[in-house]
Amino acid sequence: MNKIIGVIYGDGSSPEIVKQAVQVLDTIQEKFHHQFTYTQIDMGGAAIDKYGDPLPEHELQKCLDSDSVLLGAIGGPKWEGLPGDKRPEKGLLKLRAGMKLYSNNRPATLWPQLRDASPLKSSIVDKGIDFVVVRELIGGVYFGNHETFIQNGEKVAVDTMPYSEHEIMRIGRIGFDMAMKRRKKLCLVDKANVLDTSRLWREVMHKLKKEYPEVEYSEMFVDNCAMQICKDPSQFDVIVTENMFGDILSDEASMITGSIGMIPSSSLGEGTRGLYEPIHGSAPDIAGMDKVNPIACILSAAMMMRYSFDAEKEAQCIEQAVHKVLDQGYRTFDIYSEGCRLIGCKEMGERICEAIKSSN
Ligand code: IPM
Ligand code: MN
């Protein structure tokens, strides 16, 4: 195949992981005789420094002209003081909305090699952790009205959380379809005891569930879900939820599997063009130190193969290579445990590339 891949190197320690993920793509390209052409795109802090805008139209256009986009992470203390609409995060939100990526898929899977890295007791971990958070990505409070004004002599800030039926319907369908391909369990997570939006989510999901009689459907309040994820994560298969709850729960879910440095994500809309990014942040505190874990970004590249390019063999080849390197005991500092071999970001990437080359 012949594909144009947009690459956003990002801020902080992100360029280090993206570099390794691009080398993995290069290795795949060679092994499977594909042609990948990379377009470098500026977004986030790097774009603010260069253009004074976290995602100028011309950079968004480059993403829309790509077959898919690989991203590291953006943001950092350097841009912290900027007003809301000038911050690096605004570029990411504009990118997600501009590419119409309403469906964000964040798997929480325990790697058997990393059991000891999970903060949970082994009696809980032994029951298995393998679920997916399907997060609505371009609606809700992230995209409602935001304003700060003066009322009765003090500042008042308001963020609204709108959801319409069609927005819920399309992500709900993704959740049900995903459950059908897995263990056929879907849990809607919301706050229906308080929020109108949550009650609308339930209404729409009830209509939808009639089309999926095989799926065991349940509902859970988000506060309880946060607790259940630590108490008994084995109960979950697919969780579908609104934007902000999904943001929070997916961080929690990643932690119980050992490290946020291991979790990739895919974001898709109607077509096959997606955005692939680790769920972690830009880790500015370890930038330039060759410490950051490139695995989440590398696994995001594997997801790109699978979901955007329908290249299952290539995706599995990358995932198997990660397994192999972990089996050999190599670890970056975030997933290190006693008796393992501590290596840096670059060496982890190189070892994964070597494992790809030597696989059959
Ligand atoms: C994520 C991040 C973003 C989000 C931030 C950087 C805007 O936390 O991808 O989870 O909240 O969606
Ligand atoms: Mn987040």
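Because the model is predicted, local features need pLDDT of at least 70 and side-chain atom pairs count only at pLDDT 80 or more, while totals for chains, interfaces and linings use all residues. Residues are numbered from 1 along each chain as its sequence is written, and chains are lettered from A and ligands numbered from 1 in the order in which they are written.

The protein chain is divided into domain 1 (1–101 + 264–360) and domain 2 (119–256); these bounds come from an automatic or database domain assignment. The C-alpha centres of the two domains lie 25 Å apart. Eight residues from domain 1 and seven residues from domain 2 take part in the contact, where two residues are in contact if their C-beta atoms, placed from the backbone, lie within 7 Å. On the side of domain 1 that touches domain 2, helix α4 supplies the largest share, three residues. Helices (H or I, at least four residues) and strands (E, at least two) are DSSP runs, numbered from the N terminus. By class, this side of domain 1 has four nonpolar, two polar and two charged residues. Here Ala, Val, Leu, Ile, Met, Phe, Trp, Tyr, Cys and Pro count as nonpolar, Asp, Glu, Lys and Arg as charged, and the others, Gly among them, as polar.

The largest nonpolar core has 96 residues, and Ile298, Ala301 and Ile318 touch the most other members. A nonpolar core is a set of buried Ala, Val, Leu, Ile, Met, Phe, Trp, Tyr and Cys residues joined through C-beta atoms within 7 Å. A residue is buried if 20 or more other C-beta atoms lie within 10 Å of its own, exposed if 12 or fewer, and partly exposed in between, with C-beta atoms placed from the backbone. Helix α10 (residues 295–308) gives the most to this core, with ten residues. The core lies between domain 1 and domain 2, because both give residues to it. Leaving aside neighbours within four places in sequence, Ile298 is in contact with Gln20, Ala21, Val24, Ile318, Val322 and Ile352.

An unreviewed UniProt entry annotates Arg96, Arg106, Arg135 and Asp223 as "binding site"; UniProt positions are given in the numbering used here, feature names are shortened, and annotations may be inferred rather than shown by experiment. The four positions are spread over 128 residues of sequence and also in space, up to 26.6 Å between C-alpha atoms. Arg96 is found in helix α4 (residues 88–98) and is buried, with 21 other C-beta atoms within 10 Å. Not counting residues up to four places away in sequence, Arg96 touches Leu101, Leu137, Ile138, Ser267 and Leu275. Asp223, in helix α8 (residues 222–231), counts as exposed, with 12 C-beta neighbours inside 10 Å.

Strand β6 (residues 146–151) is hardly covered, since the count of buried residues among its six residues is zero. Six bridges join β6 to the antiparallel strand β7 (residues 154–159); two strands pair if DSSP finds at least two bridges between them. Glu147 has Val158 of β7 as its bridge partner. The two strands form a hairpin with two residues between them, and Asn152 in the turn has a positive phi of about 50°.
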